[in-house]
Amino acid sequence: MNKGHRGMLFLIFILFGILVSMQFRSIVRSDSDETISIRELAAELEYERAEKARLIEQLNNLEAEREQLLKNIGERLNNNEIDWLLRTRNSEFFKAGLTPVKGKGIVIVMEDAPEIGELRVEEYIIHDYDINEILDELKANGAQAISVNGERVVTTTKPVCAGPTIIVNNNRYPPPYVIQAIGDPDILYEAINSMPTVAFMRLTGIRIDVSKSEEIVIDRYHPYKSLNEMFKDMEVVKGEGF
Amino acid sequence: MKAFRTISLTFVCLVLGIMIAWQYSSVKINQVLAQYEKEDVNQLIDELLMEKKNNENLKARLQELQREVDAFKNTERGDQQYIEELKQAVLNARIMAGLETVKGEGLVITLKAGGLIPVEDRHIEELINELKASDVQAISVNDERIVAMSEIRNAGEYIMINARQLVPPYTIKAIGDADKMESSLNLLAGVLDKFEYYEFEVDIKREKNVIIPAVRDIPIDMLTPVEQ
C-alpha cells in the first residue's frame, strides 16, 4: 500500500467521524433545549387556562348564589329601606355595566385581508388604533353599551391591544373581531360607514361588515378583580347617603 | 487494485462532501428555527404572565364574593347589617360607573401647545391610555370624568368629551398609584418624549388630594336590562 494514500484516508475518516458526531449532536440539541422549554411553557399555559375556566365557573356560581340570597332577604325581611336599596342596587349595576342589556343597534364584523397586495403588509391587517377609533366613533354617536368579542366596554376597560389576536379586558380573542353597539342603528350605521379609516381599510381588502339589528344582547362586565381592590386609593367626597 | 483504491477514495470523498453540505444547511436551518422559537417563547411567556395575573385577581375576587355571600347567608344578623352590606355594594357600583365624586392621591397633568402643533384628541387619548395601562382608578379632563362611553374627539379648535367643548390648557387628573403612572409616562420614547417633540408645554404635579368630579349623566334610555 502506498503510504501517502493511507495517511490521506486516515485524515478523511477522522474528519468524517467528527462530522457525524457534530451532526448528531446538533439534531439532539435542537430537539431538547428550546423545544422542551416551549412544550413546558405551553403545558403551563394550558394549566393556567383550565384553572381560569374553573375559577370563572366558581365565580358565576357564587354570583348566582348571591343574587338568590338577596332576593330571599328582600322577601323575608320586608324592610322598606332594604327594598329601596335592592332597587337602587339594580339601577346602579345597570349604569355601571354590571347587568346584561339588550336594545337596537349595529354589529360590526372585521377580519384581516385574505391576501396581501402591493402595499406594505401592515395595510392589510387590522390594528388596535383602527378598533379604538371605531369604538370612539360609536361612543361619539351615542352608543349606550358596547362589547368587543363579547367583552363589555366599561370605565376600566383598557384600549384594545391588537396583534394577530386582540386583548380586551385581559382576555385574548382571535379574529374575526365582532363589535356590538346599542344605540340608534341609523346614526351608528351611517357614522361607521362614512369613516375615512373604514373606507381605506375596505380598499385594501380588510373585511368590515356593518349591519343594523333590532335586538342586540350585550353581556354584563364580569369583574375578575376585587372591586374594593380596584378602587382602593379613592374615597367618595360627597356620597348621596350610601 | 489501483483502480479499486481510486474508486473507493473517490467514493469516500463524495460522501464526505455531501455530509459537509448537509451539516451546513442543517446548522443554518436550526438557526432559523431557533429564531422562530424565540419569538414563540416570548409570546408564550407574555400570555402565561397575563393568565397568571388573571387567576391571582380571580382568586381575590372569589374571596371577596364568598365573604359577601356568607354575610347574606347569616340569618342571625340584623337588618342594619344587611343594609350596610347593600350600601357598600351600591357604592362600589356607583364608583365604577363614575357617578361619585372621588378623592385620592394621584397626578395632575396640564397640557397645552407650545409650538405650531395643537393638542388634539389623539394626544389626550394617548396620555389616557398610558394611565389606564398603569391601573388608574379615575380620570378627568378639564373636570369631565372619563367613563365607559366617554368619547374624546376633535371639533375644530376644541376637544369634545362627554358632549362638552373643552379648550386648552387641558388639565388631566388621575387617581391611582402615582409612582407607577409617572414611570409609565416617562418611559423612553414614551408619551412625554413624543410631547416634547411636538413642543407641548407639559406640567406634571403629584398631589395628595386630587378631586375628580362625578359624570353628569349616564344615558341608558335605549337599554333594557336582561333577566340573568
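In this predicted model, B:Arg153 has B:Met160 as its bridge partner in strand S5 of chain B. The two strands involved, S4(B) and S5 (residues 158-161), run antiparallel and are joined by four bridges.

These strands belong to an open sheet in chain B, made of three strands in the order S4-S5-S6 with antiparallel pairing. Strands S4 (152-155) and S6 (164-166) are the edges, since each pairs on one side only. From one strand to the next, the twist averages 35°. Helix H3 of chain B (residues 121-133) lies across S4 and S5, and its direction makes an angle of about 165° with S4(B).

Chain B also touches chain A: 84 residues of chain B are in contact with 87 residues of chain A. Among the elements of chain B that each supply at least two residues to this side are helix H2 (79-97), H3, S4 and strand S9 (224-225). Helix H1(B) gives the most, with 38 residues. The residues on the side of chain B that touches chain A divide by kind as follows.

| Kind of residue | Number on the side of chain B that touches chain A |
|---|---|
| Nonpolar | 47 residues |
| Polar | 17 residues |

Strand S9 of chain A (residues 234-236) runs antiparallel to S1(B), and three bridges join them. Within this pair, A:Met234 stands opposite B:Gly104.

Chain A itself is assigned two domains: domain 1 covers 1-96 and domain 2 covers 100-218. Taken over C-alpha atoms, the centres of these two domains of chain A are separated by 28 Å.

Methods
Residues are numbered from 1 along each chain as its sequence is written. Chains are lettered from A and ligands numbered from 1 in the order in which they are written. This is a predicted model: local features need pLDDT of at least 70, side-chain atom pairs count only at pLDDT 80 or more; totals for chains, interfaces and linings use all residues. Two strands pair if DSSP finds at least two bridges between them. Axes are lines fitted to C-alpha atoms, for helices over the stretch in contact, and angles run from 0 to 180 degrees between N-to-C directions. Two residues are in contact if their C-beta atoms, placed from the backbone, lie within 7 Å. Domain bounds come from an automatic or database domain assignment. Ala, Val, Leu, Ile, Met, Phe, Trp, Tyr, Cys and Pro count as nonpolar, Asp, Glu, Lys and Arg as charged, and the others, Gly among them, as polar.
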